[in-house]
Amino acid sequence: MNILINWYSVSAAVVRWDNMLSGTIQLMCGVRQGGVLFPVLFAVYVNDIIVALSEAGAGCYYDNMFVGCVMYADDLLLSVSLCDLQFMISICCEELNELDMRLNLKKSQIIGIGRL
């Protein structure tokens, strides 16, 4: 655990544009995308959200298995109704608040299939 803490506490980045490099920027939070540990650390980080959604009984189920959210690169909530979807979004907001995170509403989209 100390290795991970040290590794992420000294993270920095530079931006390359053509042949130019920016100054060094300290990375104060987040998980490096593309790193070998990213999928595991992401899963640990969002596990409480998935558990809360599953325990709420909202979303979609297949053969008694919760399939109401797909979380990896682009997160996806699957719901049977708009009311159910709103309930799931409220749960996500509560859980994200505990993680000091917010939904980016400007990047969020809803797709309806069938009668709404």
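I took helices (H or I, at least four residues) and strands (E, at least two) as DSSP runs, numbered from the N terminus. On that basis I noted three helices and eight strands in the protein chain. I then read along the sequence and wrote down the pattern α-β-β-β-β-α-β-β-β-β-α.

A note on the source: this is a predicted model, where local features need pLDDT of at least 70, side-chain atom pairs count only at pLDDT 80 or more, and totals for chains, interfaces and linings use all residues. Residues are numbered from 1 along each chain as its sequence is written, and side-chain values use heavy atoms, with hydrogens and water left out.

Next I looked up the overall dimensions. The radius of gyration, taken over C-alpha atoms, is compared with a globule rule of 2.2 Å times the number of residues to the power 0.38. The protein chain has 18 Å, whereas a compact globule of 116 residues would have a value near 13 Å. I found that the C-alpha atoms fill a box of roughly 55 × 35 × 25 Å along the principal axes.

Then I checked burial (buried means under 20% relative accessible area, exposed over 50%, partly exposed in between, with a 1.4 Å probe and protein chains only). Of the 116 residues, 16% count as buried.

Last, I looked at Asp 84, which lies in helix H3 (residues 82-98). Asp 84 counts as buried because its relative accessibility is 15%. Leaving aside neighbours within four places in sequence, I listed Ala 58, Gly 59 and Ser 79 as in contact with Asp 84, contact meaning heavy atoms within 4.5 Å.
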